[in-house]
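Here are some notes to go with the model you asked me to look over. Have it open beside you while you read.

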Amino acid sequence: MISLTDTQKIGMGLTGFGVFFLFFGMILFFDKALLAIGNVLFVAGLAFVIGLERTFRFFFQKHKMKATGFFLGGVFVVLIGWPLIGMIFEIYGFFLLFRGFFPVVIGFIRRVPVLGYLLNLPGIRSFVDKVGESNNMV
(Lines give C-alpha, C1' and ligand atoms only; values in the text may rest on other atoms or scores of the structure.)
Protein backbone atom coordinates (compact mmCIF):
# COMPACT_ATOMS: atom_id res chain seq x y z
CA MET A 1 0.00 0.00 0.00
CA ILE A 2 1.20 3.48 -0.82
CA SER A 3 1.64 5.81 2.13
CA LEU A 4 0.50 9.38 1.60
CA THR A 5 1.40 12.46 3.56
CA ASP A 6 -1.36 14.59 5.05
CA THR A 7 -0.85 17.18 2.31
CA GLN A 8 -1.27 14.52 -0.38
CA LYS A 9 -4.43 13.24 1.31
CA ILE A 10 -5.85 16.75 1.26
CA GLY A 11 -4.84 17.02 -2.40
CA MET A 12 -6.60 13.77 -3.25
CA GLY A 13 -9.75 15.09 -1.60
CA LEU A 14 -9.54 18.40 -3.43
CA THR A 15 -8.93 16.67 -6.75
CA GLY A 16 -11.82 14.29 -6.16
CA PHE A 17 -14.17 17.14 -5.29
CA GLY A 18 -12.91 19.04 -8.34
CA VAL A 19 -13.71 16.13 -10.66
CA PHE A 20 -17.11 15.75 -8.98
CA PHE A 21 -17.97 19.44 -9.45
CA LEU A 22 -16.77 19.37 -13.07
CA PHE A 23 -18.87 16.30 -13.81
CA PHE A 24 -21.89 17.69 -11.97
CA GLY A 25 -21.49 21.06 -13.73
CA MET A 26 -21.49 19.37 -17.13
CA ILE A 27 -24.55 17.28 -16.26
CA LEU A 28 -26.40 20.45 -15.23
CA PHE A 29 -25.98 21.96 -18.71
CA PHE A 30 -22.59 23.54 -18.17
CA ASP A 31 -23.37 25.49 -15.02
CA LYS A 32 -20.56 28.02 -14.90
CA ALA A 33 -20.40 28.28 -11.10
CA LEU A 34 -19.98 24.51 -10.61
CA LEU A 35 -17.44 24.31 -13.43
CA ALA A 36 -15.43 27.20 -11.99
CA ILE A 37 -15.39 25.58 -8.54
CA GLY A 38 -14.39 22.25 -10.09
CA ASN A 39 -11.54 23.83 -12.04
CA VAL A 40 -10.12 25.62 -9.02
CA LEU A 41 -10.38 22.52 -6.82
CA PHE A 42 -8.84 20.24 -9.48
CA VAL A 43 -5.81 22.44 -10.09
CA ALA A 44 -5.33 23.11 -6.36
CA GLY A 45 -5.64 19.39 -5.59
CA LEU A 46 -3.07 18.55 -8.25
CA ALA A 47 -0.67 21.05 -6.69
CA PHE A 48 -1.22 19.52 -3.25
CA VAL A 49 -0.70 15.96 -4.48
CA ILE A 50 2.52 16.42 -6.44
CA GLY A 51 3.76 19.70 -4.97
CA LEU A 52 3.92 23.23 -6.35
CA GLU A 53 7.34 22.90 -7.97
CA ARG A 54 6.52 19.65 -9.74
CA THR A 55 3.15 21.03 -10.85
CA PHE A 56 4.89 24.05 -12.39
CA ARG A 57 7.48 21.83 -14.07
CA PHE A 58 4.74 19.57 -15.43
CA PHE A 59 2.59 22.34 -16.89
CA PHE A 60 5.36 24.60 -18.16
CA GLN A 61 7.62 22.21 -20.03
CA LYS A 62 8.62 23.58 -23.41
CA HIS A 63 6.91 20.80 -25.41
CA LYS A 64 3.68 21.14 -23.36
CA MET A 65 3.14 24.88 -23.71
CA LYS A 66 0.37 24.49 -26.31
CA ALA A 67 -1.48 22.00 -24.11
CA THR A 68 -1.02 24.17 -21.02
CA GLY A 69 -2.28 27.18 -22.93
CA PHE A 70 -5.45 25.38 -23.96
CA PHE A 71 -6.05 23.90 -20.51
CA LEU A 72 -5.43 27.05 -18.47
CA GLY A 73 -7.05 29.20 -21.15
CA GLY A 74 -10.14 27.01 -20.89
CA VAL A 75 -10.14 27.45 -17.12
CA PHE A 76 -9.97 31.22 -17.62
CA VAL A 77 -12.76 31.19 -20.22
CA VAL A 78 -14.99 29.22 -17.83
CA LEU A 79 -14.20 31.68 -15.03
CA ILE A 80 -15.19 34.68 -17.17
CA GLY A 81 -18.53 33.08 -18.00
CA TRP A 82 -18.39 31.07 -21.25
CA PRO A 83 -18.57 27.52 -19.90
CA LEU A 84 -19.17 25.53 -23.10
CA ILE A 85 -16.29 27.09 -25.04
CA GLY A 86 -14.04 26.92 -21.98
CA MET A 87 -14.74 23.23 -21.41
CA ILE A 88 -13.96 22.45 -25.05
CA PHE A 89 -10.59 24.19 -24.65
CA GLU A 90 -9.97 22.43 -21.34
CA ILE A 91 -10.78 18.97 -22.64
CA TYR A 92 -8.51 19.45 -25.64
CA GLY A 93 -5.70 20.74 -23.40
CA PHE A 94 -6.26 17.91 -20.91
CA PHE A 95 -5.87 15.27 -23.61
CA LEU A 96 -2.74 16.94 -24.92
CA LEU A 97 -1.26 17.23 -21.43
CA PHE A 98 -2.02 13.74 -20.21
CA ARG A 99 -1.78 11.68 -23.41
CA GLY A 100 1.43 10.09 -22.16
CA PHE A 101 -0.53 8.54 -19.27
CA PHE A 102 -3.23 6.97 -21.45
CA PRO A 103 -1.33 3.76 -22.34
CA VAL A 104 -0.69 3.10 -18.65
CA VAL A 105 -4.32 3.75 -17.72
CA ILE A 106 -5.64 1.57 -20.56
CA GLY A 107 -3.27 -1.25 -19.60
CA PHE A 108 -4.54 -1.06 -16.03
CA ILE A 109 -8.22 -0.97 -17.06
CA ARG A 110 -7.74 -3.97 -19.34
CA ARG A 111 -6.79 -6.04 -16.28
CA VAL A 112 -10.00 -5.13 -14.42
CA PRO A 113 -12.50 -7.98 -15.03
CA VAL A 114 -15.64 -6.23 -16.33
CA LEU A 115 -13.97 -3.14 -17.77
CA GLY A 116 -11.35 -5.23 -19.57
CA TYR A 117 -14.11 -7.20 -21.27
CA LEU A 118 -15.80 -3.97 -22.37
CA LEU A 119 -12.55 -2.59 -23.82
CA ASN A 120 -12.14 -5.75 -25.90
CA LEU A 121 -15.51 -5.44 -27.65
CA PRO A 122 -15.09 -5.16 -31.44
CA GLY A 123 -16.05 -1.50 -31.95
CA ILE A 124 -14.28 -0.23 -28.86
CA ARG A 125 -11.10 -2.29 -29.19
CA SER A 126 -9.75 -0.51 -32.29
CA PHE A 127 -10.31 2.92 -30.73
CA VAL A 128 -8.71 1.89 -27.44
CA ASP A 129 -5.74 0.35 -29.27
CA LYS A 130 -5.12 3.66 -31.10
CA VAL A 131 -5.31 5.64 -27.86
CA GLY A 132 -3.08 3.11 -26.06
CA GLU A 133 -0.36 3.22 -28.74
CA SER A 134 0.88 6.66 -27.73
CA ASN A 135 4.67 6.74 -27.83
CA ASN A 136 4.65 10.15 -26.18
CA MET A 137 6.12 9.80 -22.74
CA VAL A 138 5.43 12.39 -20.07
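**Notes on the model**

1. Helices here are DSSP runs (H or I, at least four residues), strands are E runs of at least two, and both are numbered from the N terminus. Is phenylalanine 17 buried or exposed? Its relative accessible area is 51%, so it counts as exposed; the cut-offs are under 20% for buried, over 50% for exposed and partly exposed in between, with a 1.4 Å probe and protein chains only. Phenylalanine 17 and isoleucine 37 are 20 residues apart in sequence, with 9.1 Å between their C-alpha atoms.

2. A word on the source. This is a predicted model, in which local features need pLDDT of at least 70 and side-chain atom pairs count only at pLDDT 80 or more, while totals for chains, interfaces and linings use all residues. Residues are numbered from 1 along each chain as its sequence is written, and side-chain values use heavy atoms, with hydrogens and water left out.

3. Now the overall picture. The protein chain has eight helices and zero strands, and its C-alpha atoms fill a box of roughly 40 × 35 × 30 Å along the principal axes. Of its 138 residues, 30% are buried. Taking contacts (heavy atoms within 4.5 Å) with a separation of 6 or more, 52% are between residues 24 or more positions apart.

4. On domains, the chain is divided into domain 1 (6-99) and domain 2 (101-137), with bounds that come from an automatic or database domain assignment. Their C-alpha centres lie 24 Å apart.

5. Helix 2 deserves a look. It has 19 residues and spans 27 Å from first to last C-alpha, close to the 27 Å expected at 1.5 Å a residue (that is, 1.5 Å times one less than the number of residues). Its buried residues are Leu34, Leu35, Ala36, Gly38, Asn39, Leu41, Phe42, Gly45, Leu46 and Ala47. Helix 1, helix 3, helix 4 (65-80) and helix 5 are among what covers them.

6. How much space lies in the largest pocket? About 460 Å³. A pocket here is an open set of points on a 1 Å grid over the protein atoms alone, where a 1.4 Å probe fits, with protein on both sides within 12 Å along at least five of seven lines; lining residues have an atom within 4 Å of a point. Points are joined across faces, edges and corners, and the volume is the space filled by probe spheres set on them. Helix 2 gives the most to this lining, with five residues. The lining, which includes Met12, Phe42, Arg54, Arg57 and Phe101, divides into eight nonpolar, two polar and two charged residues. Nonpolar means Ala, Val, Leu, Ile, Met, Phe, Trp, Tyr, Cys and Pro, charged means Asp, Glu, Lys and Arg, and the others, Gly among them, are polar.

7. The second largest pocket has a volume of about 300 Å³. Helix 1, helix 2 and helix 5 (83-98) each supply at least two lining residues, and helix 5 has the largest share, five residues. By class there are nine nonpolar, one polar and one charged. Val19, Asn39, Phe42, Glu90 and Phe95 are among the residues in this lining. Phe42 also lines the largest pocket, and it is one of the buried residues of helix 2.
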